[in-house]
Amino acid sequence: MALPLITDRRLLPRAFVSVVRITVKAVATLNDLRRTAAVLPGSEERATTGGAAWFVRGKPYAWECHPWPSVPADMREIVAAELVVGVKVADRMDALALIEMAPDVFLRTTTPWGQPKVAFRMAGIEEDHLVELVTEAWRVQAPKYLRREFDNLGA
């Protein structure tokens, strides 16, 4: 039988208060993605038929996933039920590593086009990891001069 999680420290026995630390990490939102993308040189947000998407020099690097008919049925159910974001990755091995690392967060596939990429459930991503994923996706698509500009900003 699982015990209920006690989040109010006043309800814990005195001996546990100094030992037990309850950590709640902030889950990333679409606005966090927008803030991250806004500081990347040459980045622009566009409204698409599937939702918002972010581009650098006309190349997509992050997007809201949509339950298109081409998405496998099991993945389509997830995409229809919650916010899922896709990002470009450097190669297929990067995508596979993320999926293997956290299969409950990173989806195995969404659509066959635009490889390599990975999709993830926003509810399962912490803000700092979202910043890393979006920035790396931007780097994959950005030309060298924009990557240099970003690096010179001290980011």
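Strand β3 (residues 59–64) and strand β4 pair in the antiparallel sense over three bridges. Strands here are DSSP E runs of at least two residues, helices are H or I runs of at least four, and both are numbered from the N terminus. Two strands pair if DSSP finds at least two bridges between them. The model is predicted: local features need pLDDT of at least 70, side-chain atom pairs count only at pLDDT 80 or more, and totals for chains, interfaces and linings use all residues. Residues are numbered from 1 along each chain as its sequence is written, and side-chain values use heavy atoms, with hydrogens and water left out.

**The chain overall**

- The protein chain holds six helices and six strands.
- From the N terminus on, the elements run α-α-β-β-β-α-β-α-β-β-α-α.
- Of the 155 residues, 35% are buried. Buried means under 20% relative accessible area, exposed over 50%, and partly exposed in between, with a 1.4 Å probe and protein chains only.
- The chain exposes about 9,700 Å², and carbon and sulfur atoms supply 57% of that area. Accessible areas come from the Shrake-Rupley method with a 1.4 Å probe; for residues, only the protein chains shown count as cover.
- Contact means heavy atoms within 4.5 Å. Among contacts between residues at least 6 apart in sequence, 53% join residues at least 24 apart.

**The sheet**

- Six strands form an open sheet in the order β1-β2-β3-β4-β6-β5, with antiparallel pairing.
- β1 (43–48) and β5 (106–107) stand at the edges. Each has a single partner strand, so one side of each is left without a neighbour in the sheet.
- Strands of a sheet pair through backbone hydrogen bonds, either parallel or antiparallel.

**Strand β4**

- Five of the five residues of β4 (residues 84–88) are buried, so this strand is largely enclosed by the rest of the structure.
- Val84, Gly86 and Lys88 point one way from β4, and Val85 and Val87 point the other way.
- In a regular strand the side chains alternate between the two faces of the sheet.
- β4 and β6 (residues 117–121) run antiparallel and are joined by five bridges. Val84 has Arg121 in β6 as its bridge partner.

**Helices α5 and α6**

- α5 lies across β2 (51–56), β3, β4, β5 and β6, and runs at about 150° to β3.
- The axes of α5 (residues 127–141) and α6 (residues 144–152) come within 8 Å and cross at roughly 140°. Axes are lines fitted to C-alpha atoms, for helices over the stretch in contact, and angles run from 0 to 180 degrees between N-to-C directions.
- Thr135, Trp138 and Arg139 in α5 meet Leu146, Arg147, Phe150 and Asp151 in α6.

**Val27**

- Val27 sits in the loop between α1 (14–17) and α2 (30–38).
- At 42% relative accessibility, Val27 counts as partly exposed.
- Leaving aside neighbours within four places in sequence, Val27 is in contact with Asp32, Met122, Ala123, Ile125 and Glu127.
- The C-alpha atoms of Val27 and Asp128 are separated by 9.3 Å, and these residues lie 101 residues apart along the chain.
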